[in-house]
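Please read the following briefing alongside the sequence and the model.

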Amino acid sequence: MKCAASCTVLVTSRKEQVVTLMKATYIYPVEKMNDESGWNLLKHLAFEGEGDEDQISSFEEIGIKLVYKCDGLPLAIKAIAGVLYQQNKAKWEEVLQSDAWNMDQIKEELRPLYLSYEDLPSSLKQCFLYCSLYPQKDMYSKEIVQFWVAEGLIMDEQDKLRRDLPTEKQRTKEDIGEEIYRELLCRNLLEVDVDLDMSKSFFSMHDHFRSLGAHLMREEGILYRHGREFKGDDNIKIRRLSISCMGPKLVLPAQILRQACLRTLILTDSPKTKTIEDSVLQALPCLRVLDLTKTSIEKIPDCIGDLLHLRYLDLDGTNIREIPTTIGNLVNLLSLNISECEFLERLPVSITKLHNLRWLDMRDSPMLTHVPKGIGKLENFYNLEGFMVGQNGSASEEGCDLEELKNLSELRVLSIYRLERAEGGASALANMPFLMELVLGWKRPDEEEVDAKADEEVEGDGKDDGDADKDMGDGDYDGSGAEDENEETEKEDENEEEDSEEEDKGWSEEQISKAERICNEMTQPSSTIFDLLFSQYPGRQFPIWMQSSSLAESFPNLTYLKLIRLPCCTKLPPLGTLPQLKYLRIESATAITTIGSQFLGSRSSAFPKLEMLQFQDMPSWEEWTFNGTPLAVKLFPILRTCNIIDCPNLRALPEGLCRATNFNQLCLHETYELGEIDNLALAYRLEVTNGIELKKISNIPSLRYLAVNGCPSLECVENLGKLQHLALICSEETEQLPQWLLGLIEQHNNTASTQRSLRKFEMQCNLQLLKSCLEGNENWDIIKQIPNVKIQTFSSQEFMFYTKDPYNYDAKIPSN
């Protein structure tokens, strides 16, 4: 593999928009590039900042010719850069002279993409083509790897076994598949949004790459929309079929049924499909992959047990009520996904016969109460998600206890729920030397049903944090932030108090002590842990192995940590000592009132690798301080984003936060008591929503973007010397421009014209305030000083647009 350790992310857009500025992110328009900008993009992606300028400049002549052949299109340049990554000049010449530029059978705009495909090792080509079977934008990397494994596209690595190291085993097919996925990302053949998904687990394929894949795979793989004419050549055996928009009953083209050699059948965008007849499955004896995700299938025919080649069965989000006992006949089944099956009540005991099963996902199926005893005999498990501790002491249940897990030594991913049922299980995690992802989940005793949706959200590895980062300046306002803040605040405070009291009542002293005992008895997870989630842990203190002063040595690889719904915990562990922690989310820690220096630990650098920090729904939290931390200690040296959401009683940000020198983005939502935001080394974006007591924003000299919504007490905004973009949402009652805004614009006007930074102002307000800003009205002389202005009402029906140079003015206001 030639993939670099850190991949560059390219963001392209046809619209001018605000995008987080990161070292690894570069923003280019999708319109055709000229020679200079195209060359700059190509050399950045191809060299990744490595090599001296003289060496790189020697490639310029060839590079500009390649940009010309790419017709200046960023996607094409990006694809070619994936081929040329850290290659010598001979390789550049080879690509420039390639016959692929003149292939008549490939559309001209796809030829650079074909070059990037041709450069792939043969083992990666089929994996890339397989991705094009999915027309939707977002795909999950772990699932696509399972497809590759099931289709036999990834071979075993027999010669890599290290016999001198008893705990070192050959890489699994899944490990190899993950490397292939990362390679496709690094070659720019697949795309991820790192702002929404730091772990790069969700990806998309550009439409042009999908078109190329469909073209190259046309002889044995087809994307077909139900209801259209099926144009398959009867002399070509179709092995892969992706069908969209299927009706109530699964119907396959006659050619597919006649050939009886289909290996992969995927249904997409088919929510109406409810029925599969026996005759359909009986006509697919070679089937290896069957994906019925998000259909309304209610019953799987018993004859599914005759599909002896089946390796992957995905029933995620279907309406199935039971799984046939005959599933136990599927001796080659590797992956079974029954997550989000709302009506599924139990699993057949025959599932314990699937000794080749490596992947079982049972999460968020609310009617499932236990896992059949004997599941622990399936010792080839790589991924086991949704394991539920069974009902102890109940003759009506046949569930497993924690001890069932002790022989699953190959596990990489494990999620355990219903831990409040456990009585013991100290050895459950003892024999899992390769475990990378672990979820420990409890359910409050007085809950009548599982909060499946919430559990799904917290397992997202950062993919859902974009909700806190919505651009208040993109014009897509809905007016939801403009209610009467005082009335809303009172209601929310009352609700929070009621919820907190009710939650405390849900756990008895005995249950709290039991949870602490079970976790303390539980063997410390392997040092290989990469991703850890505590969900609704009721203990007042974290397990001993989480509070240890040697936390860094115990978890040297921990990168993602989520602590969600902690009803009784009053103190956080010294998480700042974790050397690789990149993402930290603390949510619904309702008993925490103070976060102090113990949170940082005692090392020369606190949170040395943390990029994303989120606190959410912490109604009792009042104080956040780093008091007593020596100035020599580096605090959050590479922190990029901090979100503080629904923490109504937090009074101040810690003074030491100014030591976070790479800080890019701060989002404060529903921080009612916060009085000041000042002295931050914030380089890009500040967003404040419903800051009821906020009076001052100052001394943030590098800030580029400020969004203010629902801050009625704000009086002073100053010393934002590089502010470029201001977005303001007023309340329905606001009739005048805020004084702080007038002061900010005055500061802007008092600056030398060559140094003025404020370029764009957006506001959402009532019709009266909008009218006051129109050309010739009382606020026009103020507004016209800003080069780019957009003001609109909450409905967006009335608006005013203005640009200063070149002059352009447009307004839509009702005549009456």
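This is a predicted model: local features need pLDDT of at least 70, side-chain atom pairs count only at pLDDT 80 or more; totals for chains, interfaces and linings use all residues.

A residue counts as buried when its relative accessible area is under 20%, and as exposed when that value is over 50%. Cysteine 303, with a relative accessible area of 10%, is therefore buried.

**Cysteines**

- A search across the whole structure returns zero disulfides, a disulfide being a covalent bond between the sulfur atoms of two cysteines.
- Cysteine 765 has a relative accessibility of 0% and so counts as buried.

**The open sheet S25-S27-S29**

- Three strands make up an open sheet in the order S25-S27-S29, and their pairing is parallel.
- Strand S25 (676-678) and strand S29 (716-718) are at the edges with a single partner strand each, so one side of each has no neighbour in the sheet.
- From one strand to the next, the twist in this sheet averages 5°.
- Strand S27, which covers residues 696-698, is joined to S29 by three bridges, and the two run parallel; within this pairing, lysine 696 has cysteine 716 of S29 as its bridge partner.

- Strand S31, made of residues 760-765, runs parallel to S32 and is joined to it by six bridges, with lysine 760 standing opposite asparagine 788 of S32.
- S32 is also joined to strand S33 (residues 799-803), in this case by five bridges and in an antiparallel arrangement, where glutamine 792 has phenylalanine 799 of S33 as its bridge partner.
- Five residues lie between S32 and S33 in the hairpin that these two strands form, and serine 796, located in the turn, has a positive phi of about 65°.

**Aromatic rings and charges over them**

- The structure contains 34 aromatic pairs; among them, phenylalanine 615 and tryptophan 621 have ring centres 4.7 Å apart and planes at 45°, so this pair is tilted.
- Phenylalanine 615 and tryptophan 621 are both buried, and both belong to one aromatic cluster that is formed by Phe599, Phe607, Phe615, Trp621, Trp624, Phe626 and Phe636.
- Lysine 125 is placed over the face of tyrosine 117, at 5.4 Å from the ring centre.
- Arginine 321 is likewise placed over a ring face, that of phenylalanine 343, at 4.6 Å from the ring centre.

**Helix H4**

- In helix H4 (residues 74-84), 11 of the 11 residues are buried, so the helix is largely enclosed by the rest of the structure.
- The buried residues of H4 include Lys78 as well as Pro74, Leu75, Ala76, Ile77, Ala79, Ile80, Ala81, Gly82, Val83 and Leu84.
- After H4 comes glutamine 86, which has a positive phi near 55°.

Technical notes. Residues are numbered from 1 along each chain as its sequence is written. Side-chain values use heavy atoms; hydrogens and water are left out. Two strands pair if DSSP finds at least two bridges between them. Helices (H or I, at least four residues) and strands (E, at least two) are DSSP runs, numbered from the N terminus. Axes are lines fitted to C-alpha atoms, for helices over the stretch in contact, and angles run from 0 to 180 degrees between N-to-C directions. A disulfide is a pair of cysteine sulfur atoms within 2.5 Å. Buried means under 20% relative accessible area, exposed over 50%, partly exposed in between (1.4 Å probe, protein chains only). Rings of Phe, Tyr and Trp (its six-membered ring) pair if their centres lie within 6.5 Å; planes under 30 degrees apart count as stacked, over 60 as edge-to-face and the rest as tilted. A charge sits over a ring if NZ of Lys or CZ of Arg is within 6 Å of the ring centre and within 35 degrees of the ring normal.
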